[in-house]
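I opened the notebook to record what I looked up, beginning with the nonpolar core and going on to the loops and a hairpin.

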Amino acid sequence: MAGFMAIFGFDLKQVAGVARLIGVMQFVERKYVNDVDTDTIINGDISGMVGSLGHPHSLYMDVEKYEKLKSQTEGSFGGIGIVMSFQEKDKVMVSSVLEESPAQSAGILAGDQIMAVDGVSVTDYQPEETAAHIRGKEGTEVVLTIHREGAEDKDYSITRSNILFKTAAGEMI
């Protein structure tokens, strides 16, 4: 195996690490009390590797999550019409609210902090997961818990609609 790995440019430390990883995977598959899905283990390994980098915008998505995200970001989608920022860890801010959107109609404002989506704290999600939970099928409802400076946290029930996202906007002067 080491010769095979060397062909692909791995050094001895990397080969030892991969061997350790395979050994742990085989141990878990043989000794764990329940049946273990190999893809689940591998996805968890990769997610852990990327997560260990500590970079807030680096993450691993398995095929299912990637396809879901891709379908939600291609031109139009069921959503509420907000742009979010994830500048600080565990903090989701509303950067802007699209005009004539469900979020604007509900009273969401730029500068609001999203604390929870459907009762689940945003600290339980990766940034793309927060966005995926806010988006959804047109006509369905999502409840956002919003913190606004100087006010008590408040729940907003918002019905998703088809959002046409403009990548550029402007006006004639």
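Before counting anything, I set down what I mean by a nonpolar core, namely a set of buried Ala, Val, Leu, Ile, Met, Phe, Trp, Tyr and Cys residues joined through side-chain atoms within 4.5 Å. I also note that this is a predicted model.

**Entry: the core.** I looked up the largest nonpolar core, which has 18 residues, and found that I80, I82, M84, I108, I114 and L144 touch the most other members. I then asked which elements give two or more residues to this core, and the list is β2 (82-85), β3, β4, α6 (127-134), β6 and β7. Of these, β6 gives the most, with 3 residues. Turning to I82, I set aside residues up to four places away in sequence and found that I82 touches V94, S96, V97, A103, I108 and I114.

Entry: The side chain of S101 reaches the backbone oxygen of L98 at 2.7 Å, and, leaving aside neighbours within four places in sequence, S101 is in contact with I80 and G81. I had already met I80 among the core residues that touch the most other members.

E100 lies in the loop between β3 (92-97) and α5 (102-106) as well, but E100 counts as exposed because its relative accessibility is 75%. I checked the backbone of E100 too, and its phi is near 60°, a positive value in a residue other than glycine. I keep in mind here that most residues other than glycine have a negative phi.

**Entry: the loop between β4 and β5.** I looked for another positive phi in a residue other than glycine and noted D118, where phi is near 50°. D118 has its place in the loop between β4 (113-117) and β5 (120-121), and I list D118 as partly exposed because its relative accessibility is 43%.

Entry: In what sense do strand β6 (residues 141-147) and strand β7 (residues 154-159) pair? I found the antiparallel sense, over 6 bridges, with V143 standing opposite S157 in β7. The hairpin has 6 residues between the strands, and there G150 takes a positive phi near 85°.

How values were computed:
Residues are numbered from 1 along each chain as its sequence is written. This is a predicted model: local features need pLDDT of at least 70, side-chain atom pairs count only at pLDDT 80 or more; totals for chains, interfaces and linings use all residues. Side-chain values use heavy atoms; hydrogens and water are left out. Two strands pair if DSSP finds at least two bridges between them. Helices (H or I, at least four residues) and strands (E, at least two) are DSSP runs, numbered from the N terminus. Buried means under 20% relative accessible area, exposed over 50%, partly exposed in between (1.4 Å probe, protein chains only). Contact means heavy atoms within 4.5 Å. A polar contact is a pair of N or O atoms within 3.5 Å; within protein, one must be able to donate a hydrogen and the other to accept it, and residues adjacent in sequence count only if both atoms are side-chain atoms.
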